[in-house]
Amino acid sequence: MTSNHLYVPESAMAIVAHPDDVAFGCSGTLAKWAKGGARIACVLCSSGDVGIASEGMTKAEAARIRETEEQAADKIIGAAEVVFLRQPDGMLEATMELRKRLVREIRRFRPEVVITGDPTLVWAGENYINHPDHRAAASAALDAIFPAAGQPNLFDELAAEGLTAHKVRKVYCNNWREGDTWESIDETIELKVASLKAHQSQMGDWDVDKNIRQWAAERAKGKGMQYAELFRVVTLESDEDWAKWKGVVVGRK
Ligand SMILES: [Zn+2]
């Protein structure tokens with residue numbers, strides 16, 4: 001069990017299923033890292049096109065609204081890039097095609113850390129089943145991270161485009177309830193709340209301020225911080241290996 005106050009990666013990429021998943025799961029941590037100088041990218045597998053249930057709403061219009069909200073939310077947390085893969089909302093599957101598209105984004109942006117969900121999370125409390133899109137996005141992301149993105153001879157057509165192998169150093173998995181690393185978001189709770197409020201089509205009458213602060217405070221309990229986001233962290237490349245690998249990789253700027 002660790003509480004991680006100090007680590008700021010050089011770059012981080014969040015890979016999620018829907019607009020607002022970043023805001024709920026990891027916006028406080030990403031905002032903190034952005035303040036610390038990290039380059040941040042958010043990759044959205046779907047644009048949430050079935051997520052607005054008002055009369056006369058088309059999928060195309062919903063996707064347009066939700067992409068605009070995501071861009072506003074990610075700007076608030078200091079993300080440099082937002083990428084929309086535009087897979088159909090509610091039907092996301094961890095296919096080889098999706099894995100390859102995620103490998104493309106990882107090799108292009110070359111993140112030190114990737115944040116994604118926990119594909120094993122099904123039961124998330126007494127009144128919520130984790131959305132199948134969340135599981136599919138997380139599963140595709142983990143399979144893209146390891147070993148695919150780091151294998152030069154896998155998807156070698158990407159290498160032909162100059163997208164050479166990239167090894168992600170750490171994976172942060174969001175599971176909301178279980179984890180081993182508490183990231184303090186004391187300094188960025190306001191940005192997290194603001195990024196959630198940017199998703200106007202999703203928040204309705206929900207009291208964002210009260211609920212988000214309450215959840216983040218519950219997670220921080222006993223950890224010497226006021227507000228926290230919780231992750232399970234896997235370190236794929238040690239400090240030594242990371243430095244060595246960065247030094248020898250071909251095609252890295
Ligand atoms: Zn979602």
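These questions and answers walk through a predicted model.

Visitor: Are histidine 18 and aspartate 21 buried or exposed?
Guide: The cut-off for burial is under 20% relative accessible area. Histidine 18 and aspartate 21 each fall in that class. Both are buried.

Visitor: Where is aspartate 20, and what is its phi?
Guide: Aspartate 20 sits in the loop between strand S2 (11-16) and helix H1 (21-25). Its relative accessible area is 9%, so it counts as buried. Most residues other than glycine have a negative phi. Aspartate 20 has a positive one, near 90°.

Visitor: Which loop holds phenylalanine 155, and what is the phi there?
Guide: The loop is the one between H5 and H6. At 11% relative accessibility, phenylalanine 155 is buried. Phi is again positive in a residue other than glycine, with a value near 50°.

Visitor: What is omega for the peptide bond from phenylalanine 146 to proline 147?
Guide: Proline 147 lies in the loop between H5 and H6. Most peptide bonds are trans. The bond from phenylalanine 146 to proline 147 is cis, with omega near -5°.

Visitor: How do the axes of H4 and helix H5 (residues 132-145) cross?
Guide: The axes come within 8 Å and cross at roughly 55°. That angle makes H4 oblique to H5. As for handedness, the crossing is right-handed.

Visitor: How many disulfides does a search of the whole structure find?
Guide: A disulfide needs two cysteine sulfur atoms within 2.5 Å. For cysteine 42, the nearest cysteine sulfur belongs to cysteine 26 and is 6.9 Å away. For cysteine 45, the nearest is that of cysteine 42, at 12 Å. The search of the whole structure gives zero.

Visitor: What relative accessible area do cysteine 42 and cysteine 45 have?
Guide: Cysteine 42 is in no disulfide, and cysteine 45 is in none either. Cysteine 42 is buried, with a value of 0%. Cysteine 45 is also buried, at 0%.

Visitor: How many salt bridges are there?
Guide: The test is a side-chain nitrogen of Lys or Arg within 4 Å of a carboxyl oxygen of Asp or Glu. Glutamate 157 and lysine 100 pass, with their closest N and O atoms 2.5 Å apart. The count comes to 16.

Visitor: Which helices hold glutamate 157 and lysine 100?
Guide: These residues form a salt bridge. The pair ties together parts that are 57 residues apart in sequence. Glutamate 157 is partly exposed at 37%, and lysine 100 is partly exposed at 23%. The helices are H6 (residues 156-160) for glutamate 157 and H4 (residues 96-109) for lysine 100.

Visitor: What is the N to O distance between aspartate 209 and lysine 197?
Guide: Aspartate 209 lies in helix H9 and lysine 197 in helix H7 (residues 189-197), so their contact joins parts 12 residues apart in sequence. Aspartate 209 is partly exposed at 27%. Lysine 197 is partly exposed at 41%. Their side chains meet in a salt bridge with an N to O distance of 2.5 Å.

Visitor: How far apart are the closest N and O atoms of aspartate 209 and arginine 213?
Guide: These two residues are four apart in helix H9, so about one helical turn separates them. Arginine 213 is partly exposed, with a relative accessible area of 22%. The pair forms a salt bridge, and its closest N and O atoms are 3.4 Å apart.

Visitor: Which residues are linked with Asp209 in a network of salt bridges?
Guide: Aspartate 209 has a salt bridge to lysine 197 and another to arginine 213. The network also takes in Glu190. Linked with Asp209 are Glu190, Lys197 and Arg213.

Visitor: How far apart in space are lysine 223 and glutamate 183?
Guide: Lysine 223 is in the loop between helix H9 (208-220) and strand S8 (228-235). At 26% relative accessibility, lysine 223 counts as partly exposed. Lysine 223 and glutamate 183 are 40 residues apart in sequence. In space, C-alpha to C-alpha, they are 9.7 Å apart.

Terms used: Residues are numbered from 1 along each chain as its sequence is written. This is a predicted model: local features need pLDDT of at least 70, side-chain atom pairs count only at pLDDT 80 or more; totals for chains, interfaces and linings use all residues. Side-chain values use heavy atoms; hydrogens and water are left out. Buried means under 20% relative accessible area, exposed over 50%, partly exposed in between (1.4 Å probe, protein chains only). Axes are lines fitted to C-alpha atoms, for helices over the stretch in contact, and angles run from 0 to 180 degrees between N-to-C directions. Angles under 35 degrees count as roughly parallel, over 145 as roughly antiparallel, 65 to 115 as roughly perpendicular and the rest as oblique. A crossing is left-handed if the near helix is turned anticlockwise from the far one by less than a right angle, and right-handed if clockwise.
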